Amino acid sequence: MKKQNKKRGGTGGWIFLAVVLGIYGLSGIIDASQTSRAIASFMQLLDKVLPVLVLVFLLIFVIDLFLNPKRIETYLGQKSGIKGWLVAIIGGILATGPIYAWYAVLSELKQKGMRASLVAVFLYSRAVKLPLLPLLVHYFGIHYTMVLVLYLVIFSLISGLVMERVEANV
Amino acid sequence: MLKSKLEQSLRKSLHTFINILPIIIGMLLLTSLAITFFPKMISPELFGQYEIVDVLLGSSLGSIAAGHPLVSYILGGELINEGVSLFVVTALIVSWVTVGVVQLPAEALMLGRRFALVRNLVCFLSAIAISYLTVYTMRLIG
């Protein structure tokens, strides 16, 4: 757990940002107009993501304040059983906002005892976008949407089972 | 006691948040770059080879794409109108929302490298499996 904390809290994030800025520098040399369009798109994204970041901060704070490892163990830990899988699926389906905002929350929960398999299930279940389902129906039909959603939920469980095996072998 | 716990939690949360901030900013920058450069590259002309090659290509393109899922639905609808198979379009829209090549560095930094790599590989393979299962199930139910 200390290793995970060190990874998340160390200089890795700043190195990553420096590399991305380097990529932007290169991209600017190759195609300046597309890069300036990307920067404009970044400003728009940032505007949209800012409220989500506030939510992420609040979630991290609430998790730290109220969810002790014992409670997480009950709902999302090794002893959570079917309840844990259900919480992960429903949580993933209901979770909104960009996926990278959720990495921070899941990392916090993982450090407090959430099973890696349930992290994988949560992330996979995010593929079921409830607000966008009417649009999926509009483009591909109701039967296609129902079948696809069913397989997405089934494969979210499969991804969790695979990750459980992988983590068990570490 | 409660005040001290609140202060401690607030300080810890702030520290965690500041540490993840460069990762999120980096992710937003990468996503913006991918959104700007990428969707224009996906066109019906890319497909039309062997079906499995097209499915692999659709799944790969979806894995690299980082835009809103709605874009994948619109793009998928356009590709179908242009004659691209439902196998390919399904692989594209499933990998679009499950695999995150652009997000991989952030996922690795926050959830662990091994976890991120294996999870994305599983998602990539499952996008291909779902594309076949969905279309065959559709054919079965008529």
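Tutor: Over all chains, the count comes to 5 salt bridges, and the model in which they are found is a predicted one. One of these salt bridges joins the side chains of A:Lys112 and A:Asp64, with a distance of 3.9 Å from N to O. This pair qualifies because the rule asks for a side-chain nitrogen of Lys or Arg within 4 Å of a carboxyl oxygen of Asp or Glu. The two residues belong to distant parts of the chain, for they are 48 residues apart. A:Lys112 lies in the loop between helix 6 and helix 7 of chain A, whereas A:Asp64 lies in helix 3 of chain A.

A:Asp64 also takes part in a salt bridge with a residue of the other chain, B:Lys12. Here the closest N and O atoms are 3.0 Å apart. Across the interface of chain A and chain B, the rule finds 1 salt bridge. The two chains also have 10 residue pairs in polar contact.

Let us now consider the setting of this interface. On the side of chain A that touches chain B, two or more residues come from each of several helices, among them helix 1 (2-9), helix 6 (99-111) and helix 9 (142-168) of chain A. Helix 3 of chain A, the helix that holds A:Asp64, gives the most to this side, with 15 residues. By class, the residues of this side divide into 44 nonpolar, 10 polar and 9 charged.

In total, the contact takes 63 residues from chain A and 67 residues from chain B. Between them the chains bury about 6,200 Å², and 78% of that area is on carbon and sulfur atoms. Within chain A, the residues that lose the most area to chain B are A:Phe16, A:Tyr100 and A:Tyr103, which together account for 11% of what that side buries.

Helix 3 of chain A also meets a partner within its own chain. Its axis and that of helix 2 (residues 12-30) of chain A come within 6 Å and cross at roughly 140°. Because of this angle, helix 2 of chain A is oblique to helix 3 of chain A. Helix 2 of chain A contributes A:Tyr24, A:Ser27, A:Gly28 and A:Ile30 to the contact, while helix 3 of chain A contributes A:Ala32, A:Thr35, A:Ala38 and A:Ile39. The classes represented in this contact are 5 nonpolar, 3 polar and no charged residues.

Chain A has 9 helices and 0 strands, and its C-alpha atoms fill a box of roughly 55 × 50 × 30 Å along the principal axes.

Technical notes
Residues are numbered from 1 along each chain as its sequence is written. Chains are lettered from A and ligands numbered from 1 in the order in which they are written. This is a predicted model: local features need pLDDT of at least 70, side-chain atom pairs count only at pLDDT 80 or more; totals for chains, interfaces and linings use all residues. Side-chain values use heavy atoms; hydrogens and water are left out. Axes are lines fitted to C-alpha atoms, for helices over the stretch in contact, and angles run from 0 to 180 degrees between N-to-C directions. Helices (H or I, at least four residues) and strands (E, at least two) are DSSP runs, numbered from the N terminus. Angles under 35 degrees count as roughly parallel, over 145 as roughly antiparallel, 65 to 115 as roughly perpendicular and the rest as oblique. Contact means heavy atoms within 4.5 Å. Ala, Val, Leu, Ile, Met, Phe, Trp, Tyr, Cys and Pro count as nonpolar, Asp, Glu, Lys and Arg as charged, and the others, Gly among them, as polar. Buried area is the accessible area (1.4 Å probe) that two parts lose on being put together, summed over both. A polar contact is a pair of N or O atoms within 3.5 Å; within protein, one must be able to donate a hydrogen and the other to accept it, and residues adjacent in sequence count only if both atoms are side-chain atoms.
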